[in-house]
Amino acid sequence: MHSEKPKHDFEPKIIAFVCTWCTYAGADLAGTSRMQYPSNVRVLKFPCTGRIDPVFILKAFQQGADGILVSGCHPGDCHYIAGNYHARRRFAVFRKLLEFIGVDLNRIQFSWVSAAEGGKWVEVVTDLTERVRAMGPMVEFKDLVLEEQWSGNLNNPELQAVYEAM
Amino acid sequence: MSRIGVFICHCGENISRTVDVEQVAAQAALMPGVAFAVDYKYMCSDPGQNLVKNAITEHRLTHVVVAACSPRMHERTFRKAVEQAGLNPFLCEMANIREHCSWVHEDREEATDKAIEIVGMLVERVKKNRVLPTITVPVTKRALVIGGGIAGIQAALDIADAGHQVVLVEREPSIGGHMAQLSETFPTLDCSQCIMTPKMVDVANHPNITLHTYSEIEQVDGYIGNFQITVRKKARSVDEHKCTGCGVCMTKCPQKKIPNSFDCNLGTRTAIYVPFPQAVPNVPVIDRENCTMFKSGKCGVCQKACGPGAVDFEQQDQLIVEPVGAIVVSTGFELYRITEKTKGSPIKGYGEFGHGKIPDVIDGMTFERLASASGPTGGKIQRPSDGKEPKQVVFIQCVGSRSREKGISYCSKVCCMYTAKHTMLYHHKVHDGQAYVFFMDARVPGKSYDEFWRRAIEDEEAVYIRGMVSRLYQKGDKIVVMGSDISVGVQVEIEADLVVLATAVQPQKGADLLAQKLGISYDKYNFYSEAHAKLRPVECATAGIYLAGACQGPKDIPDTVSQASAAAAKVMTLFAKDKLEREPIVARVKESGCVGCFACKKVCAYGAIEEKEIRDRQGNLVKVVAYVNPGVCAGCGTCQATCPSKSVELDGYTDEQIVAMIEAL
């Protein structure tokens, strides 16, 4: 019954920031309906997408996430009246910032998945996983973190140049 | 130093089939801060819960992680267990390794790795959990019931009989809903009016029920125990207190040819009207679209005729605010209309049935009105086109329902039974007539239901043909029905005088808009979603809101009444306490950091954020900071993500907790 799964060289780490009321419940429904999807995704539950701070996305990239999904209730369906609208505006601005600093926006997916859309959850997660797998690992942030630690070294030629100039 | 206990559930085989639970337990035991890790077959069972409780005392645990099903399922169960063992319930977290892991992955190795990671995340999170005291809020012991069909009536009466105040809001001018339209009801063939109208009168006369008909829900504020409902009472143009219900206005009204929607447009009514003679309240309403006075400014005949002077053309819509503690939603259903393709409807339309262009193709509700003693024909079965008595009637089931390619995949549940009933009613009234039924399956489970359906065939001579109809067309004054009989494998052609379609049961128009006001979830067909399909079938995921009747899914009268009484019982349970414990997931302001920009106030949808002055000992104003009213805060956390100085924190979802989870990856 189990079909042979193709082995990939690279398995991306996908982090999903979801709201309790719609997308988390939708993911639960995918479970109760026994749908199948890649196991790369890790779900973090929030009361509302309005609670999701863009800093968490940066933090996740820093911690080695290769792709990020933010998903909540459809417009108009927010359990907290308007949290998803605030989130939508916040992330519209945040996307521009990410693009400016050079993050490939294909690594981030914003979507609406309702509590009744188990199938859509599977679709969104599968698409994102495959897309990010094709893109390869996200190294930009890891490099930055490494550089930050390494730059403590005073023998750094760049720093030396700066000192000399002073 | 935290001493965390990790409890991994097998869930029978649901988790252990794909996740190596023993390995998860072994790995969890190695995680920093974990003092104890164990797996067990059914963690939610009594011995399972005892295992958690004993471990807390025995191993002096400070935090607990239960790796099992979704927290939406059993978080409350385990938090209660932890509380009984003397820990604060919010020091317990659940790792979802069933819905989000074992059920959605097949590869054992992958699923086990994922489960370990999920547990690891929750272990890091729970370390940062803080003791949260439960918040108690007062309960307003008044209930709101939305929709005055049989579901709403039953729920309202039950709650009112228990001694609580009930506000019943109905969109139409009269309560009664669809049940008031029915002729006789299966499986006993009781006259619907005879069992319905006494209940309607009970509602009107009950001292504990406030009835708002011709009214709609405008706005919903607040939360469980403390809702504020704004009801729009539409202008009736008739003063309810002055009107005596004599009906003179209706006899005088010059506009007499308006199709009566209560009779499925078979009969006519006047512009000032009551939908049906037994209406409750028996107060007419002026249909402003069709009234000569409102159209041309000249007429006013009804006003002159009205003895008590109740007709008031100047009346305006009224907004009434009702404080309530619980809400029962019972907005019911409507039948899919073959004649109109509504915008956004999942049903693609029935071209092969002429999209309802043939006048003698009617739906089930129209047949009910034809068969009803109080209907437009006085209970005589007559064709809408020429008033002739039909001698051959074809009933077609599953029109719209159970047809994935046309859009609706669910079964409308009541059609098999009401079609069997229709064939009987028809046979009782037209002795020399013949009824044919095209059906896919007969779905007649229920007490005395199968017997009823068999009676239609065996005693009442209905001919059941298993198969679907491919085409209908008019030929002279007959309708040719072309179908197939798959039991014998032949094509069937019947020349019918009347065709009755059992069209799909759908939620009421605007069901989604109401759900958005209430903050409850609904499925892709706009049926409202219950909190749990089996164990919490009458509660919404939103606390304090309950469901009754066909707004949740197609239901017959016995099921609707049962659910309405169940919803009423839930409301009474809520009202049994004076104070209500609510989750302490609310935002708190760190006053030292707050700069008083009030960006939080702008984004708070609940108006929970107030301005608070901080003064020194001499009474000089030091600064103005934000303050969150914990009674009003709903706990969405939008303020926290907005705060530029990170001075507001949502308990239970603090930055610390979330960052800890991200860092555990």
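Analyst: Chain B is divided into five parts: domain 1 (4–127), domain 2 (142–234 + 317–332 + 508–575), domain 3 (248–305), domain 4 (336–506) and domain 5 (587–663). These bounds come from an automatic or database domain assignment. Before going further, please keep in mind that this is a predicted model, in which local features need pLDDT of at least 70 and side-chain atom pairs count only at pLDDT 80 or more, while totals for chains, interfaces and linings use all residues. Residues are numbered from 1 along each chain as its sequence is written, and chains are lettered from A and ligands numbered from 1 in the order in which they are written.

Let's start with domain 2 of chain B and its meeting with domain 3 of chain B. Their centres, taken over C-alpha atoms, are 27 Å apart. Domain 2 of chain B brings 16 residues to the contact and domain 3 of chain B brings nine residues (two residues are in contact if their C-beta atoms, placed from the backbone, lie within 7 Å). On the domain 2 side, helix 7 (residues 192–205) of chain B gives the most, with six residues. Helices (H or I, at least four residues) and strands (E, at least two) are DSSP runs, numbered from the N terminus. That side of domain 2 of chain B has nine nonpolar residues, six polar and one charged. Here Ala, Val, Leu, Ile, Met, Phe, Trp, Tyr, Cys and Pro count as nonpolar, Asp, Glu, Lys and Arg as charged, and the others, Gly among them, as polar.

Now for the strands. Strands of a sheet pair through backbone hydrogen bonds, either parallel or antiparallel. In chain B, five strands form an open sheet with parallel pairing, in the order 10-7-6-18-29. Strand 10 (209–212) and strand 29 (545–547) of chain B are at the edges with a single partner strand each, so one side of each has no neighbour in the sheet. From one strand to the next, the twist averages 20 degrees (axes are lines fitted to C-alpha atoms, for helices over the stretch in contact, and angles run from 0 to 180 degrees between N-to-C directions). Strand 7 (residues 165–169) of chain B is joined to strand 10 of chain B by four bridges; two strands pair if DSSP finds at least two bridges between them. One of the residues to look for is B:V167, whose bridge partner in strand 10 of chain B is B:T210.

For an antiparallel example, turn to strand 24 (residues 469–475) and strand 25 (residues 478–485) of chain B, which pair over six bridges. B:Y473 stands opposite B:V480 in strand 25 of chain B. This hairpin has two residues between the strands, and B:G476 takes a positive phi near 65 degrees.

The largest nonpolar core has 252 residues, and B:A67 and B:V119 have the most contacts inside it. Such a core is a set of buried Ala, Val, Leu, Ile, Met, Phe, Trp, Tyr and Cys residues joined through C-beta atoms within 7 Å; buried means that 20 or more other C-beta atoms lie within 10 Å of a residue's own, exposed means 12 or fewer, and partly exposed is in between, with C-beta atoms placed from the backbone. Helix 5 (residues 108–127) of chain B supplies the largest share of this core, nine residues. Leaving aside neighbours within four places in sequence, B:V119 is in contact with B:V6, B:V24, B:A28, B:V65, B:A67 and B:A95.
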